[in-house]
Amino acid sequence: MSDIVVFGAGGTAGSRITAEAVNRGHRVTAAVRRPEAVSYLPAGVNLVTGDATSAHSVRELAPGADAIVVAVGGGERALWRDAAENLITVLRDLPNPPRVIHVGGGATLLSPRGVPFLEEPDFPEEYRDSALGQADALAWYRSSAEGVTWTYVSPPPLEFHPGERTGHYRTGTEEPVTDEGGRAVLSYEDLAVAVVDEIEHPRFENMRFTAGY
């Protein structure tokens, strides 16, 4: 059993990660900016006010945790980088810092041309700011996270939706994981499985991984 803090636990990814962890017997603290807006969480979850970009929140919630999951969302580019920078800055000063699992985006994965999807000319403009923020966060972990163990998780760049929990997936690192038809597909539910699997049995410490069917 692990003690896990999930920032963004009320969101689409965070709520499923929270449920998956609880169902496996872990102790989960669900940290959200507005607890009153959270409509459902599993029984036994400790719901608190928390913000991954707040040094105070991280200092308050990190001690005693085995892992911190960052599953925040939003359209502002600075959000992801601020969360990553704040977490590493605070955690590296703790005597036994918890591991960080940061759920980012798929736009930083490499396209068939060998460039990040966000650099492709047809990348949708409405997603560019968030994609750039996700890229900023990944770059921060890779360059500045000395002293803290981290993992950055990228879902498929396009076909990533709520759906069925199958418990099955395959992993990769820099390119999307594709099926026999060439599609990179994954449900939020199975991303949650992959995240909790990584907490229980680490395979991608201090690196990024992606998952798909």
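Predicted model: local features only at pLDDT ≥ 70, side-chain atom pairs only at ≥ 80, totals over all residues.
Residues are numbered from 1 along each chain as its sequence is written. Local features need pLDDT of at least 70, side-chain atom pairs count only at pLDDT 80 or more, totals for chains, interfaces and linings use all residues, and side-chain values use heavy atoms, without hydrogens and water.

**Confidence.** pLDDT is the predictor's confidence in each residue, from 0 to 100. The chain averages 93, and 100% of the residues score at least 70. The table gives the elements with the lowest and highest mean pLDDT. Helices (H or I, at least four residues) and strands (E, at least two) are DSSP runs, numbered from the N terminus.

| Element | Residues | Mean pLDDT |
|---|---|---|
| strand β7 (lowest) | residues 159–161 | pLDDT 91 |
| helix α5 (highest) | residues 188–200 | pLDDT 98 |

**A30.** This residue sits in strand β2, residues 27–32. A30 is buried, because its relative accessibility is 0% (buried: under 20% relative accessible area; exposed: over 50%; partly exposed in between; 1.4 Å probe, protein chains only). Beyond four places in sequence, A30 touches V6, A9, L41, V45, N46, L47 and V48 (contact: heavy atoms within 4.5 Å). F7 is 23 residues from A30 in sequence, yet their C-alpha atoms are 6.5 Å apart.

**Aromatic pairs.** The whole structure holds 4 aromatic pairs. In one of them, F204 and F209 have ring centres 4.6 Å apart and planes at 20°, so the pair is stacked. Rings of Phe, Tyr and Trp (its six-membered ring) pair if their centres lie within 6.5 Å; planes under 30 degrees apart count as stacked, over 60 as edge-to-face and the rest as tilted. F204 is buried at 9% relative accessible area, and F209 is buried at 1% relative accessibility. Ring pairs also link Y141, W150 and Y152 into a cluster.
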